[in-house]
Structures are given as structure tokens and as C-alpha cells.
Amino acid sequence: MPRIVNSRQIVVSSDRLHDCKEYLESEFQLMIDHALSVGWSLDEVAVALDGLVADEIAVPKRAITLH
């Protein structure tokens, strides 16, 4: 089942989304653990990551990819 992310209509297949999450999970956890170890709170890290993702999606050349 396709998933639509934000109002920009980014569509990815659920299979590819699952595979991508598995691929990114270990490095993602390491990045969060590192940020926590240097003093950032989990809330700060989550909000910062959300902002970075929003910034990345806002780049027109990278905004919409269909797979």
C-alpha cells in the first residue's frame, strides 16, 4: 500500500519503505545515541531530526521520487 508523506504527495511503496527503514535503522540509532551522549535530550533530537527531514523534503530536486 503506498504511503503519502506531507502535502507534497511523496509516494513510496510500503515494501520499499520497510526495506529502507531496516537499512537506515542501525545508523539512525547510533546517531541518536551519540546526540544523547553529548547532552541533547531525546525531545531536542527528535525535533531537530524532524526539521532536517522537512528541510530535505523542501528541496525541489529531491522532493518527489516515485518507486
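Student: Which pattern does the protein chain follow, read along the sequence?

Tutor: Read that way, the protein chain runs β-β-α-α-α. Helices (H or I, at least four residues) and strands (E, at least two) are DSSP runs, numbered from the N terminus. This is a predicted model: local features need pLDDT of at least 70, side-chain atom pairs count only at pLDDT 80 or more, and totals for chains, interfaces and linings use all residues. Residues are numbered from 1 along each chain as its sequence is written, and side-chain values use heavy atoms, leaving out hydrogens and water.

Student: How many helices and strands does the protein chain have?

Tutor: The protein chain has three helices and two strands.

Student: Is Asp19 buried, partly exposed or exposed?

Tutor: Buried means under 20% relative accessible area, exposed over 50%, partly exposed in between (1.4 Å probe, protein chains only). Asp19 counts as partly exposed because its relative accessibility is 48%. Asp19 lies in helix 1, residues 14-37.

Student: What share of the residues of the protein chain counts as buried?

Tutor: Of its 67 residues, 10% count as buried.

Student: What share of contacts joins residues at least 24 apart?

Tutor: Contact means heavy atoms within 4.5 Å. Among contacts in the protein chain between residues at least 6 apart in sequence, the share is 38%.
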